[in-house]
Amino acid sequence: RARQDTGLAWLEELELSCDGARGWACALVVGLALVAGLVAPSLGASVGADVAPAAAVTSVPTVTLHNGRKLPVIGLGCSSGVRKEHIRSALLDGYRHLDTAQAEVWNYFESDLGEALLESGVPRGEVFIQTKIFPEDLGYEATKRVFPKSLERLRTTWVDSLLIHKPRCWEAACKRQPEGTWQDSWRALEDLYDAGVVRAIGICDVDEKLLDELLTKRLKPHIIQNWMDPFHQDERVWERCRAEGIQYQAYSTLGAQWVHFRGHAVNPVLSNPDINAIAEAHNRSSAQVVLNWALARGAAVLPASRDPWRRAGNIGSLMFELSAAELAAIDALDGALDGTSGARPASVQATFVNVGRGAGPLEAYWVDAGGKEKKVGSLLAGVRWVQQTYAGHTFRFRDQEGLLMEEHVVEEARPVVEVGAADAKHVDL
């Protein structure tokens, strides 16, 4: 009660002139404080701890795209094992931006989002739905052909944003050559935007050369989605997006790229001493500090989580304010890991194929350096799962009862692995 009174007194003294470069960030601090009543005790988690949801957040601040459409600045990434029950729960907690894709091979499931939204009772018009074209379907006609299937799975007649997931296709990701290029798909996106069934368009994994070409198109992108975290700040593309009025949207902001794809045994973002010290000073989690930093820099963020406490912590990540010195300390981390590539294992694009001779789907897990399993999704019979990982990374596959059926260590010389063979039996570790 004393902490609530202190917070409300602070709120009364706050000058509510939320303008300037950080105006929307200021509005987020004030808005979330009002909604949650500044319930500080439940948010005063120790460094790295999950944050308990104090109250349902009913309004997430937005930014305005260059066509006037509103984009909630914090969204739920619907990959990494996030399924229908997690999406439905997130909607009830106040999430109004959901990021998915056509790529089930990368553990996105549009149908889960559509069903979750329907079951949640949240009106369609209140939710910003974003999906992405799979690289196998690059090409003008191909993109137009697959988009209606997304609408059907999402149970909607329009999407708020449609992105090109990757500007190219590569052998491990695609079973067949795409019909065309990202440039052809961009023309299709422009047509879908003109027709009103797509309200904003964009593309992922954009470098400066690709951005140069995008800016010559009939319609320039509304959204660019790139990897951004404290050690990989993508400053040049981010700055150019800001100058052009394009919204920069960050993925893997909490450091997952370094563990999943670059051979780090421990997440260097969430274990960084500087970030941890800032978190401790504010009595927040390190994840909240990193999201706060990214949002303060003008990026929209899409943290994925199956844990309700972490989702609540993520959506409340701007219920405090970092100082200029703290923001600068995180800015200074950019590029700090660039010189360590020689110590990292070789990157491997691994493909796991469920040959379908076993009974039912297999649950896929990767194993961290401490032997802890992290669930990454279900691998159905006849389905391929493509994972950017590294040599020596261990993956396990369990049946529906949780019994360990197979374990595979990624090898650079053997990037394609078959699982689900008929003679697979329970494995004792």
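Helices α4 (residues 84-93) and α5 (residues 110-120) bring their axes within 8 Å and cross at roughly 45°; axes here are lines fitted to C-alpha atoms, for helices over the stretch in contact, with angles from 0 to 180 degrees between N-to-C directions. The two helices are therefore oblique to each other, a label left for angles that are not under 35 degrees (roughly parallel), over 145 (roughly antiparallel) or 65 to 115 (roughly perpendicular). On the α4 side, the contact (heavy atoms within 4.5 Å) uses Lys-84, Ile-87, Arg-88, Leu-91 and Leu-92, while α5 brings residues including Asp-112, Leu-113 and Glu-115.

This is a predicted model, where local features need pLDDT of at least 70 and side-chain atom pairs count only at pLDDT 80 or more, while totals for chains, interfaces and linings use all residues. Residues are numbered from 1 along each chain as its sequence is written, and side-chain values use heavy atoms, leaving out hydrogens and water.

Now for the strands. Helices (H or I, at least four residues) and strands (E, at least two) are DSSP runs numbered from the N terminus, and two strands pair if DSSP finds at least two bridges between them. Eight strands make an open sheet with parallel pairing, in the order β3-β4-β5-β6-β7-β8-β9-β10. β3 (76-77) and β10 (300-301) are the edge strands, each pairing on one side only. Helix α6 (residues 140-154) lies across β5 and β6 (161-164), at about 140° to β5.

| Strands | Sense | Bridges |
|---|---|---|
| β4 (residues 97-99) and β5 (residues 128-133) | parallel | three bridges |
| β15 (residues 394-398) and β16 (residues 404-409) | antiparallel | five bridges |

Leu-98 has Ile-129 in β5 as its bridge partner, and Phe-395 stands opposite His-408 in β16. The β15 and β16 hairpin has five residues between its strands, and Gly-402 takes a positive phi near 90° there.
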